[in-house]
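Dear colleague,

Here is the structure I said I would pass on. My notes follow below it.

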Number of protein chains: 2
Amino acid sequence: MMKTACRFAGGLVFSACLPGLAAGQESPIVRDAEYYILEAQNGDKWVQEDQSIDVALAAFQEANEGKPPNIVYILIDDIGFGDLGSPTLNAVRGYATPAINEIADEGMRLARMYTEPSCTPTRVAFMTGRHPFRNGMGNTSVDISGFGLAGKEVTLAEVLSDVGYNTVHIGKWHMGDIKEAWPNWQGFDYAAFPIHQQGQLTIFHDDAADEEVSIGIGDNNYDRRYTIDGWLRTDASSMVVGVEGERDQTVMEVDMAPGERWTEAKYAAMNQRYQDQAMERLRELAAKDEPFFLNYWPLYPLTGPRTAYDEYTTPNGGTYVEKMKLVDQWIGEMMAEMDALGIAEETIVIVMGDNGHFTKYSPQSGYTPMIFRGGKGSTTEGGVRVDAFIRWPGMIEEDTIANDIFHVSDFFTTLARIGGATDGIPRDRVIDGVDQTSMLLNGDSHGRRDYVFLYNIDKLEAVVKEQYKLAIPGGNIDNAILADFYDLFRDPQEKYPVSTEIGAWGGAKFVRMIQRHLKRKAKYPDEGPALGMPYEGIDNLRPESQAAVEEFLFMVQTPEK
Amino acid sequence: MMKTACRFAGGLVFSACLPGLAAGQESPIVRDAEYYILEAQNGDKWVQEDQSIDVALAAFQEANEGKPPNIVYILIDDIGFGDLGSPTLNAVRGYATPAINEIADEGMRLARMYTEPSCTPTRVAFMTGRHPFRNGMGNTSVDISGFGLAGKEVTLAEVLSDVGYNTVHIGKWHMGDIKEAWPNWQGFDYAAFPIHQQGQLTIFHDDAADEEVSIGIGDNNYDRRYTIDGWLRTDASSMVVGVEGERDQTVMEVDMAPGERWTEAKYAAMNQRYQDQAMERLRELAAKDEPFFLNYWPLYPLTGPRTAYDEYTTPNGGTYVEKMKLVDQWIGEMMAEMDALGIAEETIVIVMGDNGHFTKYSPQSGYTPMIFRGGKGSTTEGGVRVDAFIRWPGMIEEDTIANDIFHVSDFFTTLARIGGATDGIPRDRVIDGVDQTSMLLNGDSHGRRDYVFLYNIDKLEAVVKEQYKLAIPGGNIDNAILADFYDLFRDPQEKYPVSTEIGAWGGAKFVRMIQRHLKRKAKYPDEGPALGMPYEGIDNLRPESQAAVEEFLFMVQTPEK
């Protein structure tokens, strides 16, 4: 990525770093087509708003020893809209998230936050400001796969780091098992994370097989008489689990010795370790002169089978619900620590979900879709609308709600601006993230997007503009003009197709919107993910992990012979 | 109903009126079977709690010139759970109810409020403390029908009136078109109400026919060639609309002259009139020495076709949503008036829905089921779970949520107790309403029911105990032991049947619960509604209304010849 000359240092303001004042960055950010339409209609107003925003951000920095705010970004896995932030809905569900509710009360609720429909693409969109169909990361890998987020993608960690932020990532990452995709190679000074995701860690291990949570795996859980080869049942314990390392350095796997079996207890220990590390790093980062970006992405609430030693602590008692309660408690401890460290006023805290419920384990998980229809993997609102709260004392008005559309990629652009790092945003590719600083600082109805394209992997399955949603079955966009519309305010569960006045034949204006979008894609074509050798760059790779890589290569290479 | 010797007078406390201290009332309230089980387990604790509650209520009265609190009960028609009281869910729906949200914030949210599945039975349950299957009022009449709530039923208005409350009813009543059923014959000193319901007033009139909201009615809206007689299409304008009158007196129909047609504009005027009357009566009642019970049951949000003069004032814009916004504004004016009158501290305010959404007009109404499944007419949670908020400054802790089960009939018993009128509760019939004062004053987990029987008209369709719900398809209770269970915390939409450990074969303990309930019904058999002559007791009955009654009688009597 490109470098700028500006870095923050304790007590000093480099004027070149002030938002909107940076020089030397001539070319504008490349956008998707729809943004240009909005900009043409509203650009003058936005320029005016931006001037006062620049003044406000500069005033914040001046009061903060010349530094932009710290950023703590907490991303919760697979939790549906309404399960966080609302005591009423907590009550419906039979549990409570008081710490997160308090963050919501002290800040802004982003009521129309859209993500991608599953973990990997949402996380990619946040880190790169780009819809993941653009860089081959719309798909999710659950085993050894040899692909990941390309090193040439520019992440929020990189652009913030480049203007002086210290950057740490703790917890889930899930953007591939190749080195260049990992957080410590993508702009984080330090990272502790599992290479894969929680499937390996919670439902593919022996404990889960014993409890029949997953079927037909493990040593003693199935009759092999019809098994001719073994690839269908990867031994999850042979896959690398958690690694830790410094920026642009090899990493070390932790808490697994050669031959050791992964267990639910080890998963619990891993979760606790990440919480402890997040707290420890928070203290370290707070002690430094530079602002920081702490990415904390817990693995809980996803969890494996209930074990006898688990206590019920909520009326709901679901496996995920109990762990969500624990994550909430942990977040509360983190907030208290920020108060104790005296950094609450200078720190933006964001808590949000990464996509809808993982309904495969409903209702035992304690979670089922409640407000919207569908869950993870779906482009109905239940898959892509999430709880999202942002607190920035004194800058974002407390106890407010903004009902403008916000896509998770907007945080890339918005936080880059707030961090004074807009210049670091690359100009050679489409950036989908919109600068929503005005919405955060000026409140409801000051958003800068009224649309979102909802992809499932690489298929466009729905388009939202204002409150209208065109749902395209199977992503067959050739038939979009005849597809059903929903009014999301009147019908949040998308059950009653409506007529609209939006063009003759209803869908015509949406079809033109899709055409503009596709034309833009033709100019800036989608690319695939980076491919590479799994697990390269791990110092202490276990022999069984090496063997698993070899099996993977065998599977890739054999059919090509 | 029986009388007691105690009445309140300004500034004087009659000790016989203090709750719990009343003498001369020897026989206990007759309960359903399940209550006795709970009482046997928890009675000692309840007695202790009741002693401190009596002290608290007495202290309130002493500070309030010897009077129990005023009661303002606002019942909103056909609005689903989550549409009131939550800014986040307001945002999902694209509108806002700030006045009601403020009441909720200043009081207690009753998160598990159950009603009956439609208007009439819910209103009967509130007024009588009894499930309406017991008195033939589970059904709903939409035209001239000659039945209604029996005069021998004892209403909350009667028991409160009997201890000195002034009582006024304004708005929807919908408990029958015979005199003895009307609010001014059921304990209200004054009542202004439509005889029937909003169907007549909003969708069966000429405007609605012209807009094709209702089909094949009116003078110019259908081809009569196959119509042999006319009874299928009652002329709604011939039915009595709004009446007003004093207690135990004949009433007068208002705002309709002989031959006049009912219109949507007249419906709007009726709504405004009820709001104006509610405000006027509030001021009158506040000026008197006695405490008061004001029952205000708006007709809105139900409304007819949008007319060109209706402005859009919300992003949702649905016909009901727009009117709900207006009702919220009206409630806000009422709350402000209470402040201005200086009675806010001495007045209990309750705002709640009467049953789930009327989905027949989704999504044009702006409302569709959102959190629970189903709507009005259904015993899934979407039909019978409603928003409910209660404010009593200084007595009910503000900004709290209680997640105990509460049935609308509980208000009868609870408000009678708080009003010092427990002695007036009849002892010769089953009272389903449970005294929930402890839940209101002591908060979450101090409720006194963990069950509710959910009837549809006269069929038991579901049983809730704790968080488990047995859903009995078609009310076929003989098959209840094999019916599906749902865990309502884990699965609010009742989509994933679960196994339970509650007895062998899952349903066994629920079946025994039903058996106990039925045994009790055998001892106290269900009765039918009161039957009578429609429209008797209206001084200025229009000729066309008299003709409509004669047609009704012709229809009843002809087949019997």
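**Symmetry, surface and aromatic pairs**

B:I371 is the residue of chain B that comes closest to the rotation axis, with its C-alpha at 2.3 Å. Please keep in mind that this is a predicted model. Chain B superposes on chain A by a rotation of 180 degrees with 0.0 Å of shift along the axis, at an RMSD of 0.0 Å. The two copies are therefore related as by a two-fold rotation axis. They meet through the same surface, because 100% of the interface residues of chain B are also interface residues in chain A.

A:M555 belongs to helix α14 (residues 543-557) of chain A and counts as partly exposed, at 34% relative accessibility.

Over all chains there are 42 aromatic pairs. In one of them, A:Y73 and A:F411, the ring centres are 6.0 Å apart and the planes stand at 70 degrees, so the pair is edge-to-face. A:Y73 is in strand β1 (residues 70-76) and A:F411 in helix α11 (residues 410-418), so this pair ties together parts of chain A that are 338 residues apart in sequence. Both A:Y73 and A:F411 are buried.

A:F485 and A:F510 also form an edge-to-face pair, because their planes are at 80 degrees, with the centres 4.8 Å apart. This pair links strand β16 (residues 484-487) of chain A, which holds A:F485, to helix α13 (residues 508-523), which holds A:F510. A:F485 is buried at 4% relative accessibility, and A:F510 is buried at 2%.

Regards

Notes
Residues numbered from 1 in each chain as written. Chains lettered and ligands numbered in written order. Predicted model: local features only at pLDDT ≥ 70, side-chain atom pairs only at ≥ 80, totals over all residues. Heavy atoms only, no water. Least-squares fit on C-alpha atoms with pLDDT ≥ 70 in both. Contact = heavy atoms within 4.5 Å. Helix = DSSP H or I, 4+ residues; strand = E, 2+ residues; numbered from the N terminus. Buried < 20%, exposed > 50% of the residue type's maximum accessible area, 1.4 Å probe, protein only. Phe/Tyr/Trp six-rings, centres within 6.5 Å; stacked < 30°, edge-to-face > 60°.
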